[in-house]
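Please read the following report alongside the sequence and the coordinates.

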Amino acid sequence: MPHTRRLIGSMYKMGIAILVGTFPLWSPPLAMTGALEKSPGAGESRSAQGEPKGSTNHWDYEGVEGPGHWAMLQPSYMTCETGRQQSPINIVMPRHGDNQEDLSFHYQPTTLTVRNNGHTIQVNYQEGSYLRLNGQSYKLRQFHVHDPSEHHIDGKTYPMEMHLVHQDDRGHILVVGLLMAFGKENQVFSRAGDLLEQQTGHRLPSKEGEVFADVPFNLMDLLPSNTHHFSYHGSLTTPPCSEGVHWIVLKTPIKISKVQGERFITTIGPNARPLQPLGEREIQEN
Ligand SMILES: [Zn+2]
């Protein structure tokens with residue numbers, strides 16, 4: 001991502017988009033790496049997220065292109081219907097806690113490139129940040145938000161959920177779900193929003209588009225100190241709904257104010273996929 005750009009127009013991004021879920025999980029590693037990389041204009045220009053409305057790759061959260069119809073929109077979206085390890089899920093008992101996972105976060109500050117891709121607000125993360133799970137490293141690629149939360153805990157939904165998307169060297173995807181509850185104003189978001197607005201005139205890009213700002217931001221500042229979590233095997237929650245995604249949902253929600261939540265909600269609208277059956281899967285509690 002060329003950081004010399006201060007404010008990005010809308011010319012080249014009709015096709016760039018990168019929400020988790022836009023790329024086939026099991027396509028050749030190169031293709032997937034391309035799709036996850038921050039560099040626009042590379043191989044990911046065919047991905048669904050940035051296609052103009054009416055294109056054959058379009059999908060939505062309601063109506064005839066809503067979640068119940070995703071599999072019909074494209075042959076490559078078939079897993080959304082036929083998959084048996086789909087996400088999100090309601091995280092219910094019994095949960096299995098005998099296999100303690102060793103999880104640690106190693107995130108560095110990034111500067112903000114904030115994109116509204118029509119399905120979510122997404123921030124691509126600069127190189128150098130990763131998490132470690134049981135000795136394996138996963139690079140942090142991007143994060144984005146859903147409202148309301150996609151995962152439920154014992155039937156309870158949250159106002160929002162942030163997804164931190166990671167990838168290991170072999171292309172495996174690990175997503176951390178960070179639940180967001182209403183409470184005090186979140187200073188990390190306020191500071192970033194203030195600086196974004198000063199530099200670009202926008203707190204959040206309101207239409208499909210992107211703003212770049214030289215604002216230091218570290219996801220580390222957002223994470224709860226308690227990293228107890230649930231983990232299970234699932235999928236991308238957007239087309240093509242590819243499976244093989246390692247999900248970690250942190251038990252401790254972070255807080256945002258209602259005003260902050262509403263800013264996201266009015267900008268992106270509801271964007272949560274309905275719950276999927278747990279089936280034969282087990283949920284690990286750590
Ligand atoms: Zn997501």
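This is a predicted model: local features need pLDDT of at least 70, side-chain atom pairs count only at pLDDT 80 or more; totals for chains, interfaces and linings use all residues.

In soluble globular proteins, nonpolar side chains tend to be buried together.

## Strands 10, 12 and 13

Strand 10 is joined to strand 13 (residues 243-250) by 4 bridges, and the two run parallel; within this pairing, Gly177 has Val249 of strand 13 as its bridge partner. Strand 13 also pairs with strand 12 (residues 229-235), here in the antiparallel sense and over 7 bridges, with Ser235 placed as the bridge partner of Glu243 in strand 13.

## The hairpin of strands 4 and 5

Strand 4 (residues 110-116) and strand 5 (residues 121-124) are paired antiparallel through 3 bridges, and Val114 stands opposite Val123 of strand 5. The two strands form a hairpin with 4 residues between them, and in the turn Gly118 has a positive phi of about 90°.

Strand 5 is also joined to strand 7 (residues 136-146), again by 3 bridges and in the antiparallel sense, and the bridge partner of Gln122 in strand 7 is His144.

Ile268 belongs to helix 5 (residues 258-268), and it counts as buried because it has 22 C-beta neighbours inside 10 Å. Although Ile268 and His119 are 149 residues apart in sequence, their C-alpha atoms are 6.8 Å apart in space. Not counting residues up to four places away in sequence, Ile268 touches Asn116, Thr120, Ile121 and Asp147.

Helix 4 (residues 187-200) has 14 residues and reaches 19 Å from its first C-alpha to its last, which is close to the 20 Å expected at 1.5 Å a residue. Which residues of helix 4 are buried? They are Phe189, Ala192, Leu196 and Thr200, and, seen down the axis of helix 4, the buried residues fall within an arc of 70°, so they line one face of the helix.

The face of helix 4 turned away from the buried side carries Gln187, Asp194 and Gln198, which are exposed. After helix 4 comes Gly201, which has a positive phi near 85°.

## Overall content and confidence

The protein has a secondary structure of 5 helices and 15 strands, and buried residues make up 41% of its 286 residues. Of the contacts between residues at least 6 apart in sequence, 69% join residues at least 24 apart.

The average pLDDT of the protein is 82, and 79% of the residues score at least 70. Over residues 1-56, however, the pLDDT is below 50, and in the model this stretch has 106 contacts beyond near neighbours in sequence.

Notes: Residues are numbered from 1 along each chain as its sequence is written. Two strands pair if DSSP finds at least two bridges between them. pLDDT is the predictor's confidence in each residue, from 0 to 100. Two residues are in contact if their C-beta atoms, placed from the backbone, lie within 7 Å. A residue is buried if 20 or more other C-beta atoms lie within 10 Å of its own, exposed if 12 or fewer, and partly exposed in between; C-beta atoms are placed from the backbone. The expected span of a helix is 1.5 Å times one less than its number of residues. The arc is that of the directions from the helix axis to the C-beta atoms.
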